[in-house]
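Me: I've got a model open and want to talk through how its inside is put together. Can you take my questions one at a time?

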Amino acid sequence: MPTYASLIELDDRDVQNAQELASIWGEIRTEFEQHDAELIDSYAALGNADFLITFEVDDRGAAFKCALTLRRHGLEGQTMEIVDTDDFATLVDEI
């Protein structure tokens with residue numbers, strides 16, 4: 001199953017407190033499940049992005065739905081497909 005990562009920036013989101021931000025993760029997880037996606041991990045990050053979210057989903061259409069779910073919750077960012085480094089090594093060996 002393909003894995004995707006979203007780098008999230010909170011620049012435009014008005015977060016009142018840490019509890020509010022923490023509470024939306026449960027809502028997002030539920031909505032991802034409605035798109036047949038599994039929210040694997042979420043991390044707070046230093047740097048340009050505030051959060052890193054990883055999720056698995058069957059197809060690109062569902063990945064778009066997940067990215068739009070994040071945006072609907074005010075979490076704007078960049079979503080991309082990622083490949084495990086071991087899988088990447090196998091691809092490179094085949095070339």
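Me: Let's start with Y4 and F55: buried or exposed?
Reply: This is a predicted model, so keep that in mind throughout. The cut-off for calling a residue buried is under 20% relative accessible area. Y4 falls in that class, and so does F55, so the word for both is buried.

Me: How are the rings of Y4 and F55 arranged?
Reply: A pair of aromatic rings is described by the distance of the centres and the angle of the planes. For Y4 and F55 the centres are 5.7 Å apart and the planes sit at 15 degrees. Planes under 30 degrees apart count as stacked, so this pair is stacked.

Me: How many residues apart in sequence are the parts that Y4 and F55 tie together?
Reply: Y4 belongs to strand β1, while F55 belongs to strand β3.

Me: What about W25 and F51, what kind of ring pair do they make?
Reply: Both of these residues are buried. W25 is in helix α1 and F51 in strand β3, 26 residues apart, so to speak a link between distant parts of the chain. Their ring centres are 5.3 Å apart with the planes at 65 degrees, and that makes the pair edge-to-face.

Me: Which residues do ring pairs link into a cluster?
Reply: Searching the whole structure turns up three aromatic pairs. Ring pairs join up a cluster, and its members are Y4, F32 and F55.

Me: Which residues does F32 touch, leaving out those up to four places away in sequence?
Reply: F32 is among the residues with the most contacts inside the largest nonpolar core. With residues up to four places away left out, F32 touches A37, L39, F55, C66, T69 and L70.

Me: Which elements each supply at least two residues of the largest nonpolar core?
Reply: That core has 18 residues, and F32, F55 and L75 have the most contacts inside it. The elements that each supply at least two of its residues are β1 (3–9), α1 (18–34), β2 (37–44), β3 (51–57) and α2 (60–72).

Me: In what order do the elements run from the N terminus on?
Reply: The chain has three helices and four strands. Read from the N terminus, they go β-α-β-β-α-β-α.

Me: And what percentage of the contacts with a separation of 6 or more comes from residues 24 or more positions apart?
Reply: The chain has 95 residues, with 27% of them buried. For contacts with a separation of 6 or more, the share from residues 24 or more positions apart is 67%.

How values were computed. Residues are numbered from 1 along each chain as its sequence is written. This is a predicted model: local features need pLDDT of at least 70, side-chain atom pairs count only at pLDDT 80 or more; totals for chains, interfaces and linings use all residues. Side-chain values use heavy atoms; hydrogens and water are left out. A nonpolar core is a set of buried Ala, Val, Leu, Ile, Met, Phe, Trp, Tyr and Cys residues joined through side-chain atoms within 4.5 Å. Buried means under 20% relative accessible area, exposed over 50%, partly exposed in between (1.4 Å probe, protein chains only). Contact means heavy atoms within 4.5 Å. Rings of Phe, Tyr and Trp (its six-membered ring) pair if their centres lie within 6.5 Å; planes under 30 degrees apart count as stacked, over 60 as edge-to-face and the rest as tilted.
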